[in-house]
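Welcome! Here are a few exercises to work through with the structure open beside you.

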There are 2 protein chains.
Amino acid sequence: MSDILKSKKLKVTPARMVVLEVFEHTEKPVSAEEVIKKVSKFKVDQVTVYRTLHSFEEVNIIRRVDMRKGAVFYELASLHHHHVICTKCGDVEDFDFCIGDTVEKKIVKHSKKFSKINDHSLELFSVCKPCIKNSKK
Amino acid sequence: MSDILKSKKLKVTPARMVVLEVFEHTEKPVSAEEVIKKVSKFKVDQVTVYRTLHSFEEVNIIRRVDMRKGAVFYELASLHHHHVICTKCGDVEDFDFCIGDTVEKKIVKHSKKFSKINDHSLELFSVCKPCIKNSKK
DNA sequence: TTTTTAATGCAAGTTAGTTGCATCTATGTT
DNA sequence: AACATAGATGCAACTAACTTGCATTAAAAA
């Protein structure tokens, strides 16, 4: 459990462990606010949460997901999938294929400025069936 | 020029026209802050810019681009391409193919919650060659 | 066990974006 | 063309999300 932190040369601290746990027990991408709420019972300050999220992002434990909300959302970087996001209610559906490899090869071949790709994000946006129903009422 | 606004049933106002112009004369995705700066000589208030960006987004004149910065960036929705973004300096390279159609078909076929896709965003992240050089010094 | 290096908490500050409200203007109607 | 009206704008105040500085504490290296 703490191995991932050690392998990234991050000190293993209680705060980091509980933040990690949040990600390992959540399906959907989570915002800083949600993490703060969930770890508050362990007396972890919100500033620490923000800093933890930054360092996790930096070493590629988590990645950002643009949910088109005010805040930044994150998920485990080890998940190789993409999302369809409902722009009305924010509901998320994962789908289990990743276009990464194909696209990255194609890019690198043609790019002048970049010789490799580190990460990517693909989000699809729509309105889910329940929300369409509601708006028709 | 104002046709796009009319076709979206938005009133044609000076503020909206100059914001539109900003997008039509810019290569890279722009933040609200940049738009505010560029239209300030026309005495357009920043609140108006934020509201204009929202309504343009809503009617699909522009789309968000997640640059992994603090702020939201936008580009014309009519552009069908994707970006590679340097996470050090923020430099952007476009590439002129769009995975949209293929992926959307695949998704819609398998999805339980969504019956169509409205929009998507694909960004690739890396560090550009100049930044790699600099960091080695 | 000591020393070093990095993480944490608290308070205060900043940035990006939002809301309420009075006024004004673009556009449809007579 | 004049009028009505829905919607757009500007200003000031406000909020949300995140950041910084600094003194204290804890993890890991020596």
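**Exercise 1.** Find the angle at which helix α3 (residues 32-39) of chain A and helix α4 (residues 46-58) of chain A pack, and classify it.

*Solution.* Step 1: the two helices, DSSP runs of H or I with at least four residues and numbered from the N terminus, pack at about 125°, with axes 10 Å apart. Axes are lines fitted to C-alpha atoms, for helices over the stretch in contact, and angles run from 0 to 180 degrees between N-to-C directions.

Step 2: α3(A) is therefore oblique to α4(A), since angles under 35 degrees count as roughly parallel, over 145 as roughly antiparallel, 65 to 115 as roughly perpendicular and the rest as oblique.

A note on the model: it is predicted, so local features need pLDDT of at least 70 and side-chain atom pairs 80 or more, while totals for chains, interfaces and linings use all residues. Residues are numbered from 1 along each chain as its sequence is written, with chains lettered from A and ligands numbered from 1 in the order written.

**Exercise 2.** Which residues of α3(A) and α4(A) meet?

*Solution.* Step 1: look for contacts, meaning C-beta atoms, placed from the backbone, within 7 Å. From α3(A) come A:Ala32, A:Val35, A:Ile36 and A:Val39; from α4(A) come A:Gln46, A:Val49, A:Tyr50 and A:Leu53.

Step 2: sort them. The contact holds 7 nonpolar residues, 1 polar and no charged. Here Ala, Val, Leu, Ile, Met, Phe, Trp, Tyr, Cys and Pro count as nonpolar, Asp, Glu, Lys and Arg as charged, and the others, Gly among them, as polar.

**Exercise 3.** What does A:Tyr74 touch beyond its neighbours within four places in sequence?

*Solution.* Its contacts are A:Pro29, A:Val30, A:Leu53, A:Ile62, A:Arg63, A:Arg64 and A:Val65.

Definitions and conventions:
Two residues are in contact if their C-beta atoms, placed from the backbone, lie within 7 Å.
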